[in-house]
Amino acid sequence: MELDDPRAGELRVKMVAAGLCHSDEHIASGDLPVQTYPFAGGHEGAGIVDSVGPNTIGFAPGDKVVFCFIPACGRCTWCATGRQNLCDLGAALLSGARWTDGSYRLHLDDGTPVAQMCGISTFSEYTTVAIESAVKVPAHTPLETACLLGCGVGTGWGASVNTARVRPGDTVIVMGIGGIGANAVQGAAHAGATNIIAVDPVAFKRDTAEALGATHAVSDMQQATTLAQSYTNGQGAAATIITVGLVEGEHISQAFSSVRKDGVVVVVGLSRASDVGAPIPLTELTLSQKKVVGSLYGQSSPNADIPMLLDLYNAGHLKLDELVTTRYGLDDIARGYEDMHAGKNIRGVLVF
């Protein structure tokens with residue numbers, strides 16, 4: 001592929017590391033259709049600025065940056081009210097084109113445009129991105145682990161802290177312990193939950209969850225629900241956070257049954273674009289005042305939250321190194337996704 005030079009308001013970045021997130025697998029499988037093919041994947045990553053477009057302030061060659069997979073313009077209603085995860089620029093994420101004018105920065109040799117996932121395509125050795133997608137971090141930042149702040153950490157941590165609004169003393173269930181669920185566990189622990197019940201059929205992932213702050217780890221939701229009820233006088237969890245790789249209606253039904261009155265089910269994982277509906281009792285929805293809510297990027301505002309999470313990591317309050325199970329070279333990306341499906345990784349990371 002050929003990569004364009006950066007234009008005004010853009011950066012060309014030499015990639016250092018990229019996380020292997022399940023969302024890219026949804027693109028490859030067709031669960032989540034996109035507008036333009038071919039499509040260059042990757043939306044979680046970090047690198048070093050190689051060159052800066054004309055009249056672009058705030059960045060210089062040599063700067064370290066972590067990408068945010070949802071750009072933040074800073075001007076729309078959502079950004080202005082502290083909800084950068086809902087920035088209006090996000091409407092173009094699966095088009096693969098630049099949101100300013102519909103143009104492309106990647107091309108095949110014959111000129112055919114190549115779409116960039118989320119405008120960043122972090123599985124490329126070099127990438128040209130808009131400054132709205134980049135957050136500058138200190139020079140001493142280890143990018144092989146900080147790359148996870150671009151999606152998985154903020155999404156999971158924020159699902160507990162921002163969306164579920166976990167409070168001290170709460171009982172919380174996290175369904176699915178991968179790159180997102182592991183950080184939902186960390187977020188719930190940070191917020192002061194007394195009981196954090198991790199659910200995953202893979203023993204390795206249950207063990208990892210306990211190392212990251214889960215107080216209990218079980219293999220299925222029936223066990224988790226019974227356990228949550230045993231700690232809450234039969235009531236159930238204050239929140240159940242769904243972070244499985246492919247969410248189906250039955251997952252939402254199980255989570256709905258696990259929460260108490262005024263409890264919240266937080267849906268973080270993606271579903272097939274064609275899937276509609278979840279079997280939940282509608283009377284219980286009203287009479288028990290339960291809530292089912294979506295959580296995009298953990299309701300994060302990346303320009304504020306990526307530096308904040310990095311500060312927590314540097315202070316020893318957030319684990320990042322422990323999330324990286326295996327490092328891969330770019331040629332081994334297919335094996336990395338095979339390992340993800342086999343349940344071998346919390347997070348695989350490409351190191352360029």
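In this predicted model, N195 belongs to strand β11, which covers residues 195-199. Its relative accessibility is 10%. Because buried residues are those under 20% relative accessible area, N195 counts as buried. Beyond its neighbours within four places in sequence, N195 is in contact with D170, T171 and V172, with T215 and H216, and with Y231.

P61 lies in the loop that links β4 (45-52) to β5 (64-67). The relative accessible area of P61 is 57%, so this residue is exposed, the threshold for that class being over 50%. When neighbours within four places in sequence are left aside, P61 is in contact with V49, D50, S51 and V52. P61 and I48 are separated by 13 residues in sequence, and their C-alpha atoms are 7.5 Å apart in space.

Helix α4 spans residues 152-163 and helix α5 spans residues 181-191; their axes come within 7 Å and cross at roughly 40°. That angle makes α4 oblique to α5, and the crossing is right-handed. On the α4 side, the contact is made by G152, V153, G156, W157, S160 and V161, while α5 contributes N183, A184, Q186, G187, A188 and H190. Sorted by class, the contact of α4 with α5 has 5 nonpolar and 7 polar residues, and no charged ones.

Helix α10 (residues 302-314) also packs with α4: the two axes come within 11 Å and cross at roughly 90°. With this angle, α4 is roughly perpendicular to α10. The residues making the contact are V153, G154, W157 and N162 of α4, together with D305, M308, L309 and L312 of α10. This contact of α4 with α10 has 5 nonpolar, 2 polar and 1 charged residues.

The axis geometry of the two pairs is collected in the table.

| Helix pair | Axes come within | Crossing angle |
|---|---|---|
| α4 and α5 | 7 Å | roughly 40° |
| α4 and α10 | 11 Å | roughly 90° |

W157 of α4 takes part in the contact with α5 and in the contact with α10.

Finally, the annotation may be set beside the model. UniProt, in an unreviewed entry, lists residues 1-350 as "domain: Enoyl reductase (ER)". In the model, the end C-alpha atoms of residues 1-350 lie 19 Å apart, and the span is 27% helix and 23% strand.

How values were computed:
Residues numbered from 1 in each chain as written. Predicted model: local features only at pLDDT ≥ 70, side-chain atom pairs only at ≥ 80, totals over all residues. Heavy atoms only, no water. Helix = DSSP H or I, 4+ residues; strand = E, 2+ residues; numbered from the N terminus. Buried < 20%, exposed > 50% of the residue type's maximum accessible area, 1.4 Å probe, protein only. Contact = heavy atoms within 4.5 Å. Axes fitted to C-alpha atoms, helices over the stretch in contact; angles between N-to-C directions. Parallel < 35°, antiparallel > 145°, perpendicular 65-115°, else oblique. Left-handed = near helix turned anticlockwise from the far one by under 90°. Nonpolar A, V, L, I, M, F, W, Y, C, P; charged D, E, K, R; others polar. UniProt positions renumbered as here; feature names shortened; annotations may be inferred.
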